[in-house]
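Student: I have not seen this structure before. Please take me through it and say what the terms rest on.

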Amino acid sequence: MKDIGSARRNERPVDDLELPMVGREAETADFVRRLAAGRSHGEVLILTGDPGAGKSVLLDFAADRARREGGRVLRAVGTESEAKLGFAGLHQLLRPVLGELDGLPSRQRSALRTVLGLDESAEASDGMLVGLAVLTLVSDLAEPAPLLVVADDAQWLDRASLDVLSFVARRMDSEPVTLLVGVRAAAPLPGFDNGYERLEVGPLDGAAANRLLDRQPLPPPCSAPPS
């Protein structure tokens, strides 16, 4: 497992980069490089960090950047209430492109539509066919323009959806697809435990924190002294 966070803390930002956050120059520059690389081959990056560290804002930045450059974005956000609902995350991710399922091979289409609750089937769902269906769909979607797939709060994605995502991640080397996964530090992430680069989103240093405070329209509230 590679940790690229500390090695890139002091890198200068890309010249044309509009930074959405103070003190995240290295992270946003890394995203720009990956989105560019993702135009020719698959890219996977796992963002880790404590709650409130800024993972979601960084993922928002990547999604906005991809759209501005003419790419397509699919996004799912895990929620604790749906963590045990099979394929809930996959349904959220694919909901904007359900109309594209008709172009899949028949067995793949049937398997995917069944797990998404769109069709009934007397047969048990075949995990291999579901994974192949999503891989085929992702490949088709990325053909006209690069595709960015974002999974935020992945620690709360249901296991079935995580299994499909990891299946696709291991087979999209030659596809113009970038997969960004945000997860809380130390949270288990089945299927993505090894073999993928990780970027740790740590706390801002003192100088960046002061710059951030200087940009606020109002000073932070002060606690009243004890009486």
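Tutor: The chain averages a pLDDT of 82, and 77% of the residues score at least 70; pLDDT is the predictor's confidence in each residue, from 0 to 100. This is a predicted model, in which local features need pLDDT of at least 70 and side-chain atom pairs count only at pLDDT 80 or more, while totals for chains, interfaces and linings use all residues. Residues are numbered from 1 along each chain as its sequence is written, and side-chain values use heavy atoms, without hydrogens and water.

Student: Where in the chain is confidence lowest, and where highest?

Tutor: Confidence is lowest in helix α7 (residues 206-214), at a mean of 45, and highest in α3, at 98. Over residues 208-214 the pLDDT is below 50. Where pLDDT is low, the predicted coordinates should not be read in detail.

Student: What makes helix α6 "mostly covered"?

Tutor: Buried means under 20% relative accessible area (exposed is over 50%, partly exposed in between; 1.4 Å probe, protein chains only). In α6 (residues 159-169), eight of the 11 residues are buried, among them L162 and F167. Their cover includes β2 (43-49) and β5 (177-184).

Student: How many residues of β2 are buried?

Tutor: Seven of its seven. E43, L45, L47 and G49 point one way and V44, I46 and T48 the other way, and all are buried.

Student: Why are β2 and β5 called a pair?

Tutor: Two strands pair if DSSP finds at least two bridges between them. β2 and β5 have seven bridges, in the parallel sense, so they pair. The bridge partner of E43 in β5 is T178.

Note on methods. Helix = DSSP H or I, 4+ residues; strand = E, 2+ residues; numbered from the N terminus. Contact = heavy atoms within 4.5 Å.
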